[in-house]
Protein chains: 2
Amino acid sequence: MSYVGTVAARRFDAQITSNFARFHQRDDIFCRAWWDPSIRSPDTESFFKASRDEATARRGEGFQQRDFALRNASWAVSDDYANRNFDPHDLREGYFDPLAQTRPLADEQEKFPDSHTAAAHIKAVAKLFGADLVGITLLDRRFLYEASVDARTMEAKPNAVPEFITHVIILACEMPLELVQMYPSATAGAATGLGYSREVHVCRLLSQYVRNLGYEAIASINDTALNVPLAIKAGLGEYGRNQTLITFQFGPRIRLAKVFTNLPLACDQPIAFGVHETCQTCTRCSRACPPKALPFGDPQEGALSRSNIRGVIKWTSDAEKCFGYWAKMRADCAICIRVCPYNRDFSKFPSKLIRFLLRTRLRSLGLWLSDRLRSGVRRRPSVWWRRIESSAGSRERESR
Amino acid sequence: MSYVGTVAARRFDAQITSNFARFHQRDDIFCRAWWDPSIRSPDTESFFKASRDEATARRGEGFQQRDFALRNASWAVSDDYANRNFDPHDLREGYFDPLAQTRPLADEQEKFPDSHTAAAHIKAVAKLFGADLVGITLLDRRFLYEASVDARTMEAKPNAVPEFITHVIILACEMPLELVQMYPSATAGAATGLGYSREVHVCRLLSQYVRNLGYEAIASINDTALNVPLAIKAGLGEYGRNQTLITFQFGPRIRLAKVFTNLPLACDQPIAFGVHETCQTCTRCSRACPPKALPFGDPQEGALSRSNIRGVIKWTSDAEKCFGYWAKMRADCAICIRVCPYNRDFSKFPSKLIRFLLRTRLRSLGLWLSDRLRSGVRRRPSVWWRRIESSAGSRERESR
């Protein structure tokens, strides 16, 4: 284990106190919007309705028919899987239940020379199937949901990951920068929906592959376990003030999914590249949050509501305020992702320089430079639509 | 219309004779493998079985457990959609039936200033959703199947594209070059499966988007109509001796799907960039075809079997010989795609040069250069597996 990895792993473990208790998925704010009268409201109902049925809600730029049309279409594959076993099986695949497997496990197990080869093999196949980042960690059962949720009754139900499951493959898919720059808007919400639909795609294929190799595989999106702590353990990034995983390659601009397996795989180790220290001084996300749901100051132990996990020293959001804002807007908000100084295109030199500075004592210079470049400033959806409508014909020009 | 476009459009029309008859999907060789005793055999049954249930067939390099595991996993999303309405609705989405729509059409129609803006808009969204190429053409009903197929009985059934449908959006997804270079093998078959799964994804999202804009959209993969002639009319490429669409950007290394709609869209025009002339002199695909199913000589009118369309002057394959070879191998063959001189990575300069030469009188030099670069030579699956297993860790090195 590298020195940085050891420090990062120790820091992770030190954040967890004796008060720790596994999280009940029923306490997730999205679940509570269905069963908890203190959360459920005409606004939350309209939010869910606008996500699926209505493409015609209208409230100014970024919330017109085309914007909701784009947002709602981007979820289509994720929705199809979420709905396919609801009737009559009461399953919500990807939300409360893993993606169902439809073919038998292969009788024979493919043998790998060692767990490092197996890990490299699986990572390459995951990328071939469309994952942008892949990390592997041992299954830390603390981050499995204490109980799952029955999709019809919204009551708790057992969360059964078999004892023989040992590893988790964490998958990340990038959200398009051009869309994320438009949060808050229904247009930008397409970044979230595309992420979910892509994650379903990759997870479905990869879990099928592992099962075809003769090992168990459970394909999971938001169901079954908390993604962020598992992704940190799998070395995909650091935890940020904005409650997201901050990756080296895409900053916070990713969606996470996972495949649980009993295939023996070499594990990754946590990484550190200055995010924790940057978030200590940078409060751009907290300052930009319209409902003031994000914290200032140091990481603390303590839950603001039942929707926060207990016994972890970390930056914690007020999930009720956060989701209340989403519901009013009828669209998901990710301003905290948009304004993050790590939300950059790291193929560009200035972004690489900023990322480098943010891991040194010249951190303030990095933040200043990020602001100077107007990173994080919201782009207007109407401008984006005009741009994509005028950029056509490039293929035609190229091929003639 | 440009001069090249006019010539290409005239050439297309001139190929269709007075003997033309619309194609019955039931005559497709894959359908006949189910209902036609002259095609159905233990080999064809084993072929279909190996595609789905068996990941453990074994016949040397490229046909071992991991190879079939990869191939069969890559189809998972396409298979899920193909199966989801088979019981009890007798539908095979993507094969005999369009992808089912699950939400109501939006009540209001988004208005575009003109059809060119609408076309640019749709193309940009299709690419955001994952399409690599997009073209648009008027619906030419000659290329709708005369009749579709009932998935349970394999009998003909009406192919109903409503009269008010006017346009077709053609979508192409690239198949990974590294996989295509390994045909024939089960490993390479993952290129086909990934293509199908991706096409389902893009088609599902794009058709939902068009419907959210208030226009009808029918999401179609191999069902409902012939893809290649519609793609030629939509300007995505030229027809090749190997029976595929040869695109400017990826050569023959693509999969096709389509969305039928009544949204008024500006149309593309056919293109010509030397493929027809190159295929006249180049017979690499015909020479490389193990069962000798591909033609030499000029395009001709005439069907070799009921699986060929009638009344079109074109290069025509012997579909029975072609599929017979697939069935024996238990995997799809695309040697004719692998060896095509247009099967190149056109981001590289030598490939751009070859493509340029192939549209000039220096065509023979282009073909010679392509051979000199050993383009089209089969890569060994065992070598590919070793390479992907040894290339891991690059992410880790980058981020520390």
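Start by selecting A:Cys282 and A:Cys285: the sulfur of A:Cys282 lies 6.3 Å from that of A:Cys285, its closest cysteine sulfur, which is too far for a bond. A disulfide here is a pair of cysteine sulfur atoms within 2.5 Å. A:Cys282 is buried, at 6% relative accessibility; buried means under 20% relative accessible area, exposed over 50%, and partly exposed in between, with a 1.4 Å probe and protein chains only.

Before moving on, note that this is a predicted model, in which local features need pLDDT of at least 70, side-chain atom pairs count only at pLDDT 80 or more, and totals for chains, interfaces and linings use all residues. Residues are numbered from 1 along each chain as its sequence is written, chains are lettered from A and ligands numbered from 1 in the order in which they are written, and side-chain values use heavy atoms, with hydrogens and water left out.

**Aromatic pairs**

Now show the rings of Phe, Tyr and Trp (for Trp, the six-membered ring). They pair if their centres lie within 6.5 Å; planes under 30 degrees apart are stacked, over 60 edge-to-face, and the rest tilted. Over all chains the count comes to 37 aromatic pairs. Zoom in on A:Trp34 and A:Phe48: with ring centres 4.7 Å apart and planes at 25°, the pair is stacked. A:Trp34 belongs to helix H2 (residues 29–35) of chain A and A:Phe48 to helix H3 (residues 42–52) of chain A, so the pair ties together parts 14 residues apart in sequence. Helices (H or I, at least four residues) and strands (E, at least two) are DSSP runs, numbered from the N terminus. A:Trp34 is partly exposed at 36% relative accessible area, while A:Phe48 is buried at 18%.

Switch to chain B for an edge-to-face pair, B:Phe248 with B:Phe273, at 5.3 Å centre to centre and 80° between the planes. B:Phe248 sits in the loop between strand E8 (245–247) and strand E9 (254–261) of chain B, and B:Phe273 in the loop between E9 and helix H10 (275–281) of chain B, 25 residues apart. B:Phe248 is buried at 6% relative accessibility, and B:Phe273 is buried at 1%.

Back in chain A, the charged end of A:Arg26 sits over the ring of A:Trp35, 3.9 Å from its centre.

**Helix H16 of chain B**

Select residues 381–390 of chain B, which form helix H16. Which residues of this helix are buried? They are B:Pro381, B:Trp384, B:Trp385, B:Ile388 and B:Glu389. Looking down the axis of H16(B), the buried residues fall within an arc of 130°, so they line one face of the helix; the arc is that of the directions from the helix axis to the C-beta atoms. On the other side of H16(B), B:Arg386 and B:Ser390 are exposed.

Conventions:
A charge sits over a ring if NZ of Lys or CZ of Arg is within 6 Å of the ring centre and within 35 degrees of the ring normal.
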